[in-house]
Amino acid sequence: MFKIKAPKIKYVKPDTSVLIKHEVFQDGEKSTRGIFSPIKKLSIVAEDTSTLDLGEQSIVEISEEIQVDDSVWVKIAGYYAIWDTHNINPYRKDGRQIEDTIDIKLFDEKHPYKMPLVKTPVTSDFGFRGYRWHYGTDLDLDTGDSVKTAFDGVVRISKWDGGGYGNYIVVRHVNGLETLYGHMSKPVAKVGQYVKAGELIGWGGSTGRSSGPHLHYEVRYQGNPIDPEELYDFPEYLLKGENFQITSALFNYYNRAKKTSSRAKAARRTVYHTVRRGDVLGTIARKYGVSVSQITRLNRISTRTTLAIGRRLRIR
């Protein structure tokens, strides 16, 4: 059982023009800080895969440590040097530029993993879908189902995205990965909270840009999405192994994503919503992050118009 001290987060004036330095051990030198090696230096360069409100990036130091057994402590600051509570990808690192093979220890006896849901039937895979790239795997659920974190870590983001993820949470893990949980009806974990694998972080739902209740689940390394099915065998309800290797080849899909996105620019300009029982203009507008007046203008209706079930409304 972990003995956990609540992290003390000290905010430092942002400076995104410099390289963030970490403690790096020389050849032959051993760390006494546990089995997880610090993440390599992070360079704030290249593209940002998020189109959300970026907010302000902060560089912080978390001064507390986590005791993983009687004699070993893990210094959280070794993993959380860039702390941004708004931007899904504050690292600006293109995964295609990774030169070395990075070995990730996913779990062991002291650091177990848990599946995010009690059942994990896949409803949509990672890849090109419709007219945009889908950077996660959709898992079926009922509204109100428990959503749990996959590995030990700290909640970095908990916010609302009306045009996409709805209520979503990003957890940064001590193994170097981050996971994202989207479309929740209600998140319960708070930013800066330390959560263990299997701990409740929210309730499933269909908020944001969603056609029905499901969990949008992403796995990222330094901001770069990884196909979750590279790590998980969802029908069998397990991870494929204790270890995972990250190479530049994992991110070659960026080339395909860029091509398909350029071909789909015209399609992206038009978004429709099919009216369901209980829908009103206000809830539809909040769902997609637009104004009621925009919906009425695009569909040439008034705020007093009765919305017939099955009618298609243009949103954008």
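Me: What is the strand order of the open sheet of 3 strands?

Reply: Strands (E, at least two residues) and helices (H or I, at least four) are DSSP runs numbered from the N terminus, and two strands pair if DSSP finds at least two bridges between them. Here the order is 12-18-16, with antiparallel pairing. Strand 12 (146–148) and strand 16 (186–187) are the edge strands, each pairing on one side only. Between strand 12 and strand 18 (residues 200–203) there are 3 antiparallel bridges; Lys148 has Leu200 of strand 18 as its bridge partner.

Me: On what basis may these values be read?

Reply: This is a predicted model, in which local features need pLDDT of at least 70 and side-chain atom pairs count only at pLDDT 80 or more, while totals for chains, interfaces and linings use all residues. Residues are numbered from 1 along each chain as its sequence is written, and side-chain values use heavy atoms, leaving out hydrogens and water.

Me: Which residues of helix 4 are buried?

Reply: Buried means under 20% relative accessible area, exposed over 50%, and partly exposed in between (1.4 Å probe, protein chains only). In helix 4 (residues 292–299), the buried residues are Ile295, Thr296 and Asn299. They lie on the same side of helix 4 because they cover an arc of only 95° around the axis, taken from the directions from the helix axis to the C-beta atoms.

Me: Where is Asp94 placed?

Reply: Asp94 is in the loop between strand 6 (82–83) and strand 7 (102–105), and is buried at 9% relative accessible area.
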